[in-house]
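Hi there,

Here is the structure I promised to pass on to you. Have a look at it first, and then read on for what I found in it.

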Amino acid sequence: MLGKIENELEKRDQSKRDFYFSSIGMIIKKKRIEKNMTQENVAKGICSNTYLSKFENNNASMNHEYLDSIMERIDL
């Protein structure tokens, strides 16, 4: 019984994380466009612009180091 409850809580936690992380890509894209920056400008020296595009469109997840660097670059 306890294992079943723990599994259900873990599923809920993962669902919450997925929801919030899916919106981060959209926020980054919006801020990048507001600042008139290309994906190449933002990604340069951090990751590929293809990877950034996938992240912005919620087709890939991004590690925290890349995410921190990108957010710093676009003043988030």
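**The R32 and E56 pair**

The contact between these two side chains is also a salt bridge, with 2.8 Å from N to O. Because E56 lies in helix α3 (residues 49–56) and R32 in helix α1 (residues 2–34), the pair ties together parts that are 24 residues apart in sequence.

Is R32 buried or exposed? With a relative accessibility of 8%, R32 counts as buried. E56 has a relative accessibility of 2%, so E56 counts as buried too.

Which other residues does R32 touch? Not counting residues up to four places away in sequence, R32 touches M37, T38, Q39 and V42 as well as E56.

**A second salt bridge**

How many salt bridges does the count come to? The count comes to 2 salt bridges. Besides the pair of E56 and R32, the side chains of D75 and K35 meet in a salt bridge, at 3.0 Å from N to O. D75 lies in the segment after α4 (64–73) and K35 in the loop between α1 and α2 (39–43), so this pair ties together parts that are 40 residues apart in sequence.

D75 is exposed, with a relative accessible area of 53%, while K35 is partly exposed, at 33%. If you leave out residues up to four places away in sequence, D75 touches K31 and K35. For a sense of distance, pick the C-alpha atoms of D75 and N59: they are separated by 23 Å, and the two residues are 16 residues apart along the chain.

**Two residues with a positive phi**

Most residues other than glycine have a negative phi. D75 is not a glycine, yet it has a positive phi of about 60 degrees, and this comes just after α4.

N36 is another case: it has a positive phi of about 55 degrees although it is not a glycine. You will find N36 in the loop between α1 and α2. N36 is exposed, with a relative accessible area of 70%.

**The nonpolar core**

Now turn to the inside of the protein. Which residues make up the largest nonpolar core? This core has 12 residues: I28, M37, V42, A43, I46, C47, L52, F55, M62, L67, I70 and I74. Helices α2, α3 and α4 each supply at least two residues of the core.

Leaving aside its neighbours within four places in sequence, L52 is in contact with I28, Q39, V42, A43, C47, M62 and I70.

**An aromatic pair**

How many aromatic pairs does a search of the whole structure find? The search finds 1 aromatic pair. The rings of Y51 and Y66 have their centres 5.9 Å apart, and their planes are at 80 degrees, so the pair is edge-to-face. The cut-off behind that step is that planes over 60 degrees apart count as edge-to-face.

Y51 lies in helix α3 and Y66 in helix α4, so the pair ties together parts that are 15 residues apart in sequence. Y51 is partly exposed, with a relative accessible area of 25%, and Y66 counts as partly exposed at 30% relative accessibility.

**The start of α4**

While you are at α4, look at where this helix begins. At its start, a side-chain oxygen of N63 reaches to within 3.1 Å of the backbone nitrogen of E65.

**How confident is the prediction?**

The protein has a mean pLDDT of 89, and 99% of its residues reach 70 or more. Where is confidence lowest, and where is it highest? Confidence is lowest in α1, with a mean of 82, and highest in α2, at 97.

Enjoy exploring the structure!

Best wishes

Note on methods:
Residues numbered from 1 in each chain as written. Heavy atoms only, no water. Salt bridge = Lys/Arg side-chain N within 4 Å of Asp/Glu carboxyl O. Helix = DSSP H or I, 4+ residues; strand = E, 2+ residues; numbered from the N terminus. Buried < 20%, exposed > 50% of the residue type's maximum accessible area, 1.4 Å probe, protein only. Core = buried A, V, L, I, M, F, W, Y, C linked by side-chain atoms within 4.5 Å. Contact = heavy atoms within 4.5 Å. Phe/Tyr/Trp six-rings, centres within 6.5 Å; stacked < 30°, edge-to-face > 60°. Polar contact = N/O pair within 3.5 Å; in protein donor to acceptor, adjacent residues only side chain to side chain. pLDDT = per-residue confidence, 0-100.
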